[in-house]
Amino acid sequence: MTQPVSPPRDDRTGKVPPAGQAPAWRAVWSRADVRTLSLLGVLAVLVLIGGITKPDQFLDTRNLQLVLTQASVIGVVTVGMTFVITSGGIDLSVGAIVALASVWATTVATQEYGFGGILFTSIAVGVGCGLVNGVLIAYGGMVPFIATLAMLASARGLALQITEGRTQVVTVPSVLDLGERDAYVLGVPPLVLVFGVVTVIGWLLLNRTTFGRRTVAVGGNAEAARLAGIDVRRQRLYLYLLSGLCCGIAAFLLIVLSGSGQNTNGNLYELDAIAAAIIGGTLLTGGRGTIVGSVLGVLIFTTITNIFALNNLQSDVQQIAKGAIIVAAVLVQRRTASTT
Amino acid sequence: MPEHMPFASRRGLLFGAAAVSAGAFLTGCTSNESSDKDEPAANDQPAADDKPGKPVTIGFAGPQADHGWLNAINDNAKKRAEKYSDVTLEITEGSNDTAQQIGQIETLINKKVDVLVILPADGKALTQVGLKAMRAGIPVINLDRIFNSPQAYRCWIGGDNYGMGLNAGHYIGEKLKDKKNARVIELAGLDNLELTKQRTQGFDDALKNYPNIKKVARQAAEFTVESGQAKMAQLLQAQPEFDALWNHDDDQGVGALRAIEQAGRDDFLMVGGAGALSAFQAIKADNGVLKATVLYPPTMAASAIDLARALGQSKGVGGLAEYEIPASITLYSAVVDKTNVDQYMSTGFK
Amino acid sequence: MAPEPPLLSMSGITKSFPGVRALDGVDLDVQAGEVHCLLGQNGAGKSTLIKVLAGAHQPDTGTIRWRGEEVTLRSPIAAMRLGIATIYQELDLVEHMSVAENVHLGHEPTAAGFVVRGRAAREATAGLLKRLGHPEIDPARLVGELSAAQQQIVSMARALSHDVRLIVMDEPSAALDPDEVDNLFRIVGDLTADGVAVVYISHRLEEIRRIGDRVTVLKDGRAVAVGLPAKSTPTREVVSLMTGRNVEYVFPERPSSAPETAPVLTVEKLSRQGEFEPLDLQVRAGEIVGLAGLVGSGRSEILETVYGARRPDTGRVLVDGKPLKPGSVRAAVRAGVGLAPEERKAQALLMLESVTRNVSVSSMSRFSRAGWIDRGAELGAARAATRELSLRPDNPDVPVRTLSGGNQQKAVLARWLLRGCRVLLLDEPTRGVDVGARAELYAVVRRLADEGLAVLLVSSEVPEVLGLADRVLVLREGRVVHTAPARELDEHRVLDLVMEGSPAS
């Protein structure tokens with residue numbers, strides 16, 4: 001018998017043990033800590049490599065600003081993706097939604113409405129696409145993989161139709177200025193600021209709200225969540241809406257960053273975002289998600305790209321390294337999952 | 001043409017001829033009839049001209065126009081065909097899917113068009129359907145992306161990727177030839193494309209002529225604004241000082257220029273590639289780092305229509321002595337800078 | 001019996017799962033050419049035993065001899081190679097493959113070692129199907145298009161496609177019509193005539209009498225009788241063997257008289273086609289009503305329909321006199337109904353999460369304002385609820401998956417306790433719960449009833465229903481065949497009712 005009948009405890013009226021002292025509590029949390037620490041360790045190693053190979057260029061405020069800026073667009077997308085994956089779903093359409101939102105928001109007609117028009121259109125298109133995804137998946141009973149794959153194809157197609165393959169250059173000065181050095185707030189680029197705010201809100205949403213709990217419950221065991229009285233379908237709808245919203249925000253950031261809208265924008269974002277989330281420790285099967293891990297995953301990828309570029313290594317090497325890191329991270333994750 | 005190369009081969013000669021005729025098409029396309037055109041060939045064979053002749057149906061199949069340059073290809077073909085009252089253009093919906101493009105071309109073969117102009121999404125994969133058309137007696141003008149076998153086309157016309165790099169290298173070399181220890185960087189296009197390797201090879205070969213110049217960095221973007229911005233930003237961080245930059249593609253150049261602007265850098269000279277309108281305008285305005293761009297002219301599609309029409313009417317090409325149109329025409333990658341930008345402005349694609 | 005060693009001889013087989021000892025020193029021997037019946041209540045260890053025999057489970061201790069030689073069945077393939085085939089109750093066929101492909105799955109006839117010879121497979125399959133009396137099944141059809149009975153035939157054809165010496169059939173007649181059962185028995189007769197041994201599991205005593213040679217009875221993971229003559233052992237003796245207990249459960253005392261309150265839960269004419277017939281029942285506050293019946297009698301389906309997880313074809317469910325929106329779990333939960341489902345891990349628990357989060361999941365709005373969770377209040381409430389049920393360990397931060405079966409069940413109960421529900425639906429509440437921990441769980445359920453909950457209990461363990469419930473409804477094939485206060489029933493009578501529909505002679 002592995003489970004003897006518990007003897008009645010004599011300290012039933014005793015004081016509640018402070019949460020931090022219970023060894024089991026430690027067991028739960030140290031696992032998450034170990035994962036986060038290992039990611040920070042990887043990042044530290046990368047910083048070390050960058051610092052040794054290119055001390056002047058790498059260890060430089062401008063480079064920090066650069067890395068964080070480059071991480072912002074995909075970072076915002078990854079926060080949304082983390083929610084979707086945590087719920088046991090997948091959103092393959094993020095890159096295409098970013099593309100569609102960015103071109104829609106930079107058409108001549110939209111640009112006439114200035115800053116507000118571009119911002120509003122980016123977000124509205126993102127949310128709109130997310131709504132379609134959500135309705136198809138939650139109420140149409142479509143598999144997320146298929147529904148978002150369909151969205152990927154149609155959003156890219158629509159983006160191409162709008163641009164006819166042309167690059168739509170932004171002429172609204174207030175939008176362009178946001179991507180310039182003058183707009184930095186205490187040395188922090190506005191893009192990075194947005195990324196930071198999205199990360200914090202995402203973390204709070206996932207870890208401190210009923211929305212986050214429902215997301216985890218749906219991903220951990222959808223049937224159990226349903227039988228516990230959670231409206232699983234509505235939750236799924238909200239999740240794809242959220243992912244679409246993040247894509248809309250990212251599209252605006254990309255417009256600011258590149259000063260243009262193009263139908264090729266957001267190329268393969270879906271893979272980058274999924275990879276960052278998985279490396280971060282979010283379970284592809286759902287039920288566990290970590291915003292901090294996802295953001296660290298994004299930063300690791302961006303830092304690698306940065307180090308490679310600074311050392312003038314070519315894209316083939318970069319791709320190989322990226323693939324190797326994904327495999328290694330997932331293997332490590334499996335090991336930690338099986339040993340605890 | 002500002003930078004003349006020693007023409008060492010027969011291919012080189014063709015270059016020159018094509019450059020002349022391309023120039024002719026260009027001017028023909030835009031404004032007044034060029035005087036080149038009025039010069040009769042040195043013999044009495046009929047050369048293609050603007051006079052209406054035997055009606056020709058041309059089938060045109062290209063890839064999806066997801067890039068400014070490809071879009072310009074379609075535009076050039078359509079506009080050129082509209083110009084001739086004797087040409088009917090059957091243009092397919094552009095597709096990047098090999099199977100779909102094969103299907104479209106087979107449909108055109110079944111419709112028994114007189115001549116086919118094909119810009120394959122993938123040259124190797126579409127060789128068979130090119131052969132099929134040729135065997136069916138429909139001559140094929142292979143545009144830019146070349147088929148595997150010369151039997152699959154009657155005439156190939158396309159850009160010169162190697163020459164593009166070569167001319168960019170020579171332009172930069174001449175500008176920097178008096179500068180000691182000059183440093184040059186390269187922002188390449190998609191690295192897994194053969195054409196990117198050819199462009200880089202040409203660029204490197206040209207720079208070998210200038211021992212004072214060293215290429216210190218190269219990063220590959222993806223022909224997109226987004227990737228151009230990202231890679232350029234990294235390059236600028238990596239290289240605090242350099243004298244010249246060659247960017248393979250004007251589309252990604254929009255992003256590269258954005259990164260340069262964001263970094264507040266203006267201490268170098270930049271040469272672009274392809275020939276986008278935005279690049280021409282920047283060159284003309286001469287208020288930034290972009291001083292020149294090397295052409296990869298989308299007008300080749302217009303020339304392809306001309307060649308197709310000539311084939312359909314069994315004529316040769318004006319300006320050449322032969323009875324037949326050439327089997328292969330490689331376009332010259334002219335360098336456009338402030339001195340000649342006005343001439344090219346109308347060919348710039350958006 | 002022949003002097004030669006038995007075809008199969010298992011001795012001293014034990015197998016434990018976390019929290020449960022499923023098999024505790026079981027012996028079984030099977031002779032070539034006999035039909036050996038395996039009897040036992042749900043949870044007695046039958047399915048674990050046949051999984052050991054099929055190579056799907058590895059026994060913790062014990063030996064298996066095949067024709068006198070000791071063997072280890074490391075995998076289903078190893079068992080199959082020896083000539084042991086198993087036809088599971090839940091058929092393990094690939095629906096999207098054809099009949100022939102299923103029959104030859106894993107041992108396709110090939111040319112040059114890898115080219116599947118589809119025609120040869122189809123012809124061989126057609127031969128097997130003919131032998132099984134079902135020549136009308138087209139070997140090229142997809143298995144998913146076949147009826148349940150036909151799928152069973154396919155499963156049997158698959159067994160016969162190997163050189164099979166022993167076939168295990170797990171309740172093969174459950175899904176069959178009477179004439180299909182006759183065909184099944186004919187097949188069994190043919191097989192045994194060829195010297196093939198059949199291990200036959202069924203709840204239906206009359207079937208065992210018709211085709212069985214010997215009977216082994218399992219109870220609580222032990223073989224309480226080995227090799228009884230199937231045709232002559234009196235029914236009463238078999239039932240006694242199945243029900244007699246070594247461990248006497250301690251059930252809490254019932255209140256002396258049934259409470260005379262208005263019913264909290266009322267079910268009116270509730271039915272689902274093919275699952276259960278129109279059902280009426282009422283549960284009062286403080287009352288525990290039990291549904292007794294075998295697997296397939298419609299018990300779980302009734303509970304899930306009451307809960308709104310299945311949409312009823314007819315009838316309605318009322319809580320405190322107000323009808324619930326049919327087919328809506330959320331409506332049921334809002335009205336104060338809670339379900340502790342049969343498959344706790346699959347249907348109730350978030351296995352990656354802590355006890356706290358498992359307990360609070362249905363009452364999150366209570367600890368949150370505008371979606372913002374007050375984690376202190378949540379932890380406090382979860383702690384209070386789990387303490388009230390004496391959940392061990394007394395620390396709601398541990399992951400729920402580290403808990404024993406009984407404590408996991410308490411976590412589910414704590415969820416509904418915290419929610420403040422009025423009606424508790426319990427589906428096999430002690431499934432996977434250690435025998436020793438059951439008494440505590442029974443006490444918890446009774447206490448919850450005493451505090452005013454209406455409890456509807458489903459169990460295939462008759463003593464559990466009789467010991468815990470105030471009133472018992474006996475189900476047989478989706479129909480209530482008897483209703484009586486629990487104290488007026490005994491285990492024999494209930495077993496007679498659920499197995500044969502009427503009291504045995």
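The dialogue below goes through some named features of this predicted model and the reasons for those names.

Student: Why is helix 4 of chain A called oblique to helix 12 of chain A?

Tutor: The axes of helix 4 (residues 94-104) and helix 12 (residues 232-258) of chain A come within 8 Å and cross at roughly 55 degrees. Angles under 35 degrees count as roughly parallel and those from 65 to 115 as roughly perpendicular, with the rest, apart from those over 145, taken as oblique, and therefore helix 4 of chain A is oblique to helix 12 of chain A. The crossing of these two helices of chain A is right-handed.

Student: Which residues make the contact between helix 4 and helix 12 of chain A, and how do they divide by class?

Tutor: Helix 4 of chain A contributes A:Val94, A:Ile97, A:Val98, A:Ala101 and A:Ser102, while the residues from helix 12 of chain A include A:Gly244, A:Cys247, A:Gly248 and A:Leu254. By class, this contact has 9 nonpolar, 4 polar and no charged residues, where Gly is counted among the polar ones.

Student: What makes up the side of chain B that touches chain A?

Tutor: The contact between the two chains takes 31 residues from chain B and 31 residues from chain A. On the side of chain B, the elements giving two or more residues are helix 3 (68-83), strand 7 (213-220), helix 8 (225-238) and helix 9 (250-263), and helix 8 of chain B gives the most, with 10 residues. The residues on this side of chain B divide into 10 nonpolar, 12 polar and 9 charged.

Student: Why do strand 2 and strand 11 of chain B count as edges of their sheet?

Tutor: The order of this open sheet of 6 strands in chain B is 2-1-3-4-5-11, with parallel pairing. Strand 2 (87-91) and strand 11 (328-330) of chain B each have a single partner strand, so one side of each is left without a neighbour in the sheet. On average, and with direction ignored, neighbouring strands of this sheet are turned by 20 degrees against each other.

Student: Which strands stand at the edges of the open sheet of 4 strands in chain C, and why?

Tutor: Its order is 14-13-16-17, with antiparallel pairing. Strand 14 (276-284) and strand 17 (322-323) of chain C stand at the edges, because each has a single partner strand and one side of each is left without a neighbour in the sheet. Strand 16 (residues 314-319) and strand 17 of chain C are joined by 2 bridges, which meets the requirement of at least two, and C:Leu318 has C:Pro323 as its bridge partner in strand 17 of chain C.

Student: What is noted about the backbone at C:Lys269?

Tutor: C:Lys269 has a positive phi of about 50 degrees although it is not a glycine, and its place is in strand 13 of chain C.

Technical notes
Residues numbered from 1 in each chain as written. Chains lettered and ligands numbered in written order. Predicted model: local features only at pLDDT ≥ 70, side-chain atom pairs only at ≥ 80, totals over all residues. Axes fitted to C-alpha atoms, helices over the stretch in contact; angles between N-to-C directions. Left-handed = near helix turned anticlockwise from the far one by under 90°. Contact = placed C-beta atoms within 7 Å.
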